[in-house]
Each structure stands twice: as structure tokens, then as C-alpha cells.
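Hi,

Here is the structure I promised to pass on. Have a look, and my notes on the sheet and the pocket follow below.

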Amino acid sequence: MEWQLSALIEDIRFCVSELAANARLHGVPPGREFAVRLDLADNLVQLEVQDSGGGLPVIQGPDEEGCSGRGLFLVSELASDFGIDHHAVGKTVWAGSKRPAAPLGRGFGSPRRSDEYDRDLEPAR
């Protein structure tokens with residue numbers, strides 16, 4: 001089955017990387033692993049990363065001075081929905097968005113037209 005997610009692929013890659021890195025660094029006790037799942041149902045793309053650790057992820061606002069701590073903030077901004085499900089052992093951190101219906105759709109960091117980028121780069125008048 002073709003998922004037709006090319007408009008979302010870079011954002012999905014970033015979110016997988018960030019959530020998997022957080023699971024490895026903060027959520028997995030020594031000797032244990034974590035699981036990554038990507039699912040598509042009813043045009044909803046759902047990314048889940050499950051670990052068995054007890055740590056609770058916290059979304060931090062951007063800090064101009066900090067060198068880290070922005071990842072969950074960025075994931076929550078890219079996704080149209082984001083959350084954490086707690087289990088008896090561990091948790092699942094998930095992010096989801098609707099698959100764009102058209103190439104210029106919006107959602108999980110969907111693409112902008114080139115003129116939108118140009119506008120953002122122009123100095124304010």
C-alpha cells in the first residue's frame with residue numbers, strides 16, 4: 001500500500017528521530033529497548049514511541065541560551081496532535097496529523113508554497 005506521505009516525510013523523520021532519541025536517553029532503563037510505530041488509519045498518520053521507563057517528558061519553551069530542550073516543543077508544533085499515554089510500566093509518546101489531501105495541504109508540517117517562504121524572508125516594513 002502506498003501511504004503518499006512525501007509532503008510529510010521530513011517532519012516525520014524529525015519526529016521519529018526526536019522521540020526515539022528521548023526514549024533512548026531518558027526513558028529506557030539499562031538492558032531494555034523501546035518500540036517505534038507508524039500507523040495510517042482514516043488519513044491520520046500516527047507516530048508512537050513506547051518505552052518502559054518512568055521518566056515523564058516535559059515540553060519546554062524555546063530558550064535562546066540553551067543548547068538542548070527544544071525537541072518536544074518542535075514535535076508538538078509540527079504535529080496537529082501530541083500526547084503521552086501512561087502505562088503500568090512505561091509510557092507511549094505520540095504525535096499525529098492528518099495526511100494532506102492535496103500536495104499543498106496543511107498538517108504535520110506540510111509544505112508551504114515558495115512565495116510563502118519568500119514573504120517570511122522579507123524584512124518588515
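**Sheet first, then the pocket**

The four strands make an open sheet, ordered β1-β2-β4-β3, with antiparallel pairing (strands are DSSP E runs of at least two residues, helices H or I runs of at least four, numbered from the N terminus; two strands pair if DSSP finds at least two bridges between them). At the edges sit β1 (35-41) and β3 (81-86), each pairing on one side only.

A quick word on provenance: this is a predicted model, where local features need pLDDT of at least 70 and side-chain atom pairs count only at pLDDT 80 or more, while totals for chains, interfaces and linings use all residues. Residues are numbered from 1 along each chain as its sequence is written, and side-chain values use heavy atoms, leaving out hydrogens and water.

β3 and β4 run antiparallel and are joined by six bridges; Gly83 has Trp94 in β4 as its bridge partner.

Now the largest pocket, which holds about 380 Å³ of space (a pocket is an open set of points on a 1 Å grid over the protein atoms alone, where a 1.4 Å probe fits, with protein on both sides within 12 Å along at least five of seven lines; lining residues have an atom within 4 Å of a point; points join across faces, edges and corners, and the volume is the space filled by probe spheres set on them). Its lining has 21 residues, with Asn22, His26, Pro57, Val58 and Leu72 nearest the centre. α1 gives the largest share of that lining, six residues.

Cheers
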